[in-house]
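Biologist: I am new to this one. Show me the model, and let me ask how you know what you say.

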There are 2 protein chains.
Amino acid sequence: MQTPQRKGILTVVSGFSGSGKGTVMKLLLSAHPEYGLSISVTTRAPRQGEEDGREYFFRTKEYFEQMIAQDKLLEYAQYVENYYGTPREYVQRQLDEGRDVILEIEMQGARQVKQRFPEAVLVFITPPSIEELEKRLRGRGTETEEVVRGRLAQASKEAEAMEEYDYILPNEDGQAEKCAEDLHRIICSEHYKTDRCKDRIENFRQA
Amino acid sequence: MQTPQRKGILTVVSGFSGSGKGTVMKLLLSAHPEYGLSISVTTRAPRQGEEDGREYFFRTKEYFEQMIAQDKLLEYAQYVENYYGTPREYVQRQLDEGRDVILEIEMQGARQVKQRFPEAVLVFITPPSIEELEKRLRGRGTETEEVVRGRLAQASKEAEAMEEYDYILPNEDGQAEKCAEDLHRIICSEHYKTDRCKDRIENFRQA
């Protein structure tokens, strides 16, 4: 028996507003272009220059609701009359080919993915501390006191759900590249988790 | 509230005979001398040139048995009339100082550590496959057919306990340096596990 080809891992990345997760994602994908992404399905109309299968998969409301009914979405949400979701098959195909896939989605979506795909790895990117988050929000100099307080209250509320994530990854000030590399290391290490190595163990048992 | 200093992680490394784990450990410690090790306690007499507190802590049988009774050992075993064990306090002190500690011990000892110290990370180093292990054992050219078969049977038996480990880390042929770096990445990533970040989560909740 040969050790089979390794399967890809699905990672979901979320984070507080002000965590710098967008920058971290860009740095990660630029350093490691081998990661797969998803393309969302939406019911909103394409804007000028948008192409089906590039920015989004554009589908009708009826089609989208059928996808929901047939459990063909890893997660979805509705904003202002329109649906947005992550197509399970598109992601699954990449995983089957051995490619690691990363989704950047907010908490509600992350929770849905974990329910439908328990082997997904959930990573929550944070500023190193609430004090640092406050400093960053004020440092922008563009937010009113009310907005800053609102953001902090939101973070405190979201912190209630942080324990649903597998990893809490701090993005230290000015160290987004280190944070991106830490994220890469987490995904690499997850491949060696015993639960993901059942075939290898089986191979040794059959000696 | 400041985010507290990170605590060290205790990692236990085991592996099949023929996995190359000794080489991997040497490479890891040479590339990352910041890792802490333990010094075993033993009841055997010091040999010429051995120093108490360097090769071993040399103690009497009575002293050692008192350590067992007082649960002062993370694991211990008896070989040929003599006891050997890992002193809990010596390890704990390094962890408290924020230093990651690695123990290289066999399965029975690893199991004892996990019972007494559930937050320990257990890593099992293997050749990539049983076929590769067989090739390595025969490749030495020094083992009789009987010894090779014995080693393979032993591996197959040990494979039963592989699922007690947290990670199964393959050491590919000629890639011990990569394996050492993978081990380092696993330990780095473990620091971000949600269970080890309760203080950070608490910090955000108190906003």
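Biologist: How many helices and strands are there in chain A?

Modeller: Chain A has eight helices and eight strands. Helices are DSSP runs of H or I with at least four residues, strands are runs of E with at least two, and both are numbered from the N terminus. This is a predicted model: local features need pLDDT of at least 70, side-chain atom pairs count only at pLDDT 80 or more, and totals for chains, interfaces and linings use all residues. Residues are numbered from 1 along each chain as its sequence is written, while chains are lettered from A and ligands numbered from 1 in the order in which they are written.

Biologist: What makes a residue of chain A count as buried, and what percentage do?

Modeller: A buried residue has 20 or more other C-beta atoms within 10 Å of its own; an exposed one has 12 or fewer, a partly exposed one falls in between, and C-beta atoms are placed from the backbone. Of the 207 residues of chain A, 35% count as buried.

Biologist: Which residues are buried in helix 5 of chain B?

Modeller: Helix 5 of chain B spans residues 130-139, and I130(B), E132(B), L133(B) and L137(B) are buried there.

Biologist: Why do you say that they line one face of the helix?

Modeller: The arc is that of the directions from the helix axis to the C-beta atoms. In helix 5 of chain B the buried residues fall within an arc of 160°, so they line one face. On the other side, R138(B) and G139(B) are exposed.

Biologist: What covers the buried residues of helix 5 of chain B?

Modeller: The cover includes helix 8 (198-205) of chain A and helix 6 (145-159) of chain B. Contact means that the C-beta atoms of two residues, placed from the backbone, lie within 7 Å.

Biologist: How many residues does each chain give to the contact between A and B?

Modeller: Chain B gives 32 residues, and chain A gives 32 residues. Those of chain B divide into 17 nonpolar, seven polar and eight charged. Nonpolar means Ala, Val, Leu, Ile, Met, Phe, Trp, Tyr, Cys and Pro; charged means Asp, Glu, Lys and Arg; the others, Gly among them, are polar.

Biologist: How do you know that the copies meet through the same surface?

Modeller: 100% of the interface residues of chain B are also interface residues in chain A, so the surface is the same.

Biologist: What makes the two copies related as by a two-fold rotation axis?

Modeller: Copies are superposed by least squares on the C-alpha atoms of residues with pLDDT of at least 70 in both. A rotation of 180° with 0.0 Å of shift along its axis superposes chain B on chain A, with RMSD 0.0 Å. The copies are thus related as by a two-fold rotation axis. In chain B, the C-alpha nearest the axis belongs to R185(B), 2.9 Å from it.
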